[in-house]
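Dear colleague,

Please find below the structure I promised to hand over. My notes on what was found in it follow directly after.

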Amino acid sequence: MGRRGSMMAKLLLGFMLLSCMCHESAMARFVVEKNSLTVTSPENIKGNHDTAIGNFGIPQYGGSMAGTVDYPKQNRKGCRKFDEFGISFKANPGALPKFVLLDRGDCFFALKVWNAQNAGASAVLVADDVVEPLITMDRPEEDGASAKYIENITIPSALISRSFGETLKKAISSGDMVNVNLDWRESVPHPDDRVEYELWTNSNDECGAKCDMLMDFVKNFKGAAQILEKGGYTLFTPHYITWYCPQTFTISKQCKSQCINHGRYCAPDPEQDFSTGYEGKDVVLENLRQLCVFKVANETEKPWIWWDYVTDFQIRCPMNEKKYNKECADEVIKSLGLDLRKIDTCMGDPSADSDNPVLKEEQDAQIGKGSRGDVTILPTLVVNNRQYRGKLEKGAVLKAICSGFEETTEPAVCLSDDVETNECLENSGGCWHDKTANVTACKDTFRGRVCECPLVDGVQFKGDGYTSCVASGPGRCKINNGGCWHESRDGDTFSACLDSKNGKCACPSGFKGNGVKSCKDIDECKEKKACQCPECSCKNTWGSYECTCSGDRLYIRDHDTCISKTTAESKSSWTVVWIILLGLAMAAGGAYLVYKYRWRSYMDSEIRAIMAQYMPLDNQSEVVNHANENRA
């Protein structure tokens, strides 16, 4: 691939890495706030390095910022205006912003940053000129001259160690492209009569803590955002950052895998590994789809559906489950009732060698206008055309937006966290629902609607909450027959639901089918499963069958045979006779046993009496002589 191709790969890999933030207290006058500056290329100097954030300007708190380090050939201490040397650090649309590396000395830190800002720099790194622990670059004591520029510095700055500065300078002088990432938080928005705000976001869910933080914010803020939008209090617009591939590298493997429209719109590889997983162009396509979802929803006067789509897509179509694709996205779109054809038309042809109107507009919007600077941080929240500097979480952002309303005119959502969006009232919020049983998985919460299978009358439903929920456990058949087939006819009701089947549906005896959508009556006569004797005549009935015999014959179901009524009656008569005879025999036998027992007892007593008269026995008590009794 060559050296330049390798550099391009490193550039694309380093677009959106998240830097780490740490804080350390110092014993001096100032607290030296340290954050980790991450070098993403070139390979030989990749790693994390501590920097001390400047105590002036506006650090880009709330997101990460990627840029290319530029070390000017002249005015390297930045104490003079760069336009005097014909030097500009302004980045072209779609290109990474420039971080200017300057040397310490000869003038105030703030003046260096001010001059670099006026030349188009997005951030400034000042290399220390002595070996010492990092210090905070403090603002100078304001005088007439410094007061003019200190309050107007809007870009971030940081002090780096002397050794790290020398490492960066050496890499730049050797012709390497040096890419770095920074991260900050904290700021306040500018209030206005009407609150208009925009969120610069991304659909990639595998970029680590930054992506997790962004999606948590979207899910948590969704409810408040939809109430504000439905009430006409705000005007929200989502945006997505893209970069272009330099013309030199558009035919490279890296650009082809990370970009669409022949290198015009690119995103970094989600896994930062070109050989596996999803590619950057997959992220660009989903970003484009989400923009078109907002556009089509806005045309239907329901722009707040964008919040539902983004949260549902993140839940239902994650990268780690290999569902981050068009098929899964289309299912989410359908569940929300949007026109899929309009969205596909909006997206256009990603393989065309031409501009995409939607993404071109996004790239142009990245360039700052008026009081708003260039959008270079992901995520970025802009409120009333001012970039929000604060932690991206529901409470803080809601306060920032609500501060844009005139006092006493705030909507109720600004005064209470008890928010209900009532999204479930329309089409069950796109969640699963059973119209027959009037059961839905949609729940309204202060975070917006969620799709969770419900608990109804002690019966728990299980499923994904979006496409299916199935009753399970004891009593499930009470709720719409457990989702199983059932039918009533001629006063008879059959159901495929059984509590003992562990949630499964099984057709009852006499039926066949899957038990869920259908159970068809089995024709025992046609399938020759019953009534097959020569004299039998079979007639199928719903759920069973009837079998009759010709003439005066009777059908015996257990033996599947016919017998005549005369034979049946004769057999019945003989059965009665035999029963009577058997009863008499049993009675006679019993009488005989009684007679035999009593006769034996009588004879024994007589014999003992006779023997006692002639041979008295020891301890023999008087024996009754029945013969004497008779004589007397």
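I begin with helix 2, which is followed by Gly120, a residue with a positive phi near 105 degrees. Please bear in mind throughout that this is a predicted model. Helix 2 itself is mostly covered, as eight of its 10 residues are buried. The buried residues are Phe109, Ala110, Lys112, Val113, Trp114, Asn115, Ala116 and Gln117. You will notice that Lys112 is included in that list.

**Salt bridges**

The structure holds 18 salt bridges. One of them joins Asp106 to Lys77, with 3.1 Å between the closest N and O atoms. This pair links distant parts of the chain, the two residues being 29 residues apart. Asp106 sits in the loop between strand 4 (98–103) and helix 2 (109–118), whereas Lys77 belongs to the loop between strand 3 (63–70) and strand 4. Asp106 is exposed, since its relative accessible area is 69% and the cut-off for exposed is over 50%. Lys77, at 31% relative accessibility, counts as partly exposed.

A further salt bridge brings together the side chains of Glu321 and Lys323, at 3.5 Å from N to O. Glu321 is partly exposed at 45% relative accessibility, and Lys323 is partly exposed with a relative accessible area of 37%.

Glu452 and Lys443 also form a salt bridge, in which the closest N and O atoms are 3.6 Å apart. Here Glu452 counts as partly exposed at 41% relative accessibility, and Lys443 is partly exposed at 37%.

Strand 8 (residues 195–201) and strand 9 run parallel and are joined by seven bridges. Within this pairing, Glu196 stands opposite Leu235 in strand 9.

**Helix 9 and helix 10**

Two packed helices are described by the angle between their axes and the distance between the axes. For helix 9 (residues 326–335) and helix 10 (residues 340–347), the axes come within 10 Å and cross at roughly 130 degrees. Helix 9 is therefore oblique to helix 10.

Which residues of the two helices meet? Helix 9 contributes Lys326, Asp330, Ile333 and Lys334, and these meet Leu340, Ile343 and Asp344 in helix 10. By class, the contact of helix 9 with helix 10 has three nonpolar and four charged residues, with no polar ones.

With kind regards

Conventions: Residues numbered from 1 in each chain as written. Predicted model: local features only at pLDDT ≥ 70, side-chain atom pairs only at ≥ 80, totals over all residues. Heavy atoms only, no water. Pairing = 2+ DSSP bridges. Helix = DSSP H or I, 4+ residues; strand = E, 2+ residues; numbered from the N terminus. Axes fitted to C-alpha atoms, helices over the stretch in contact; angles between N-to-C directions. Parallel < 35°, antiparallel > 145°, perpendicular 65-115°, else oblique. Contact = heavy atoms within 4.5 Å. Nonpolar A, V, L, I, M, F, W, Y, C, P; charged D, E, K, R; others polar. Salt bridge = Lys/Arg side-chain N within 4 Å of Asp/Glu carboxyl O. Buried < 20%, exposed > 50% of the residue type's maximum accessible area, 1.4 Å probe, protein only.
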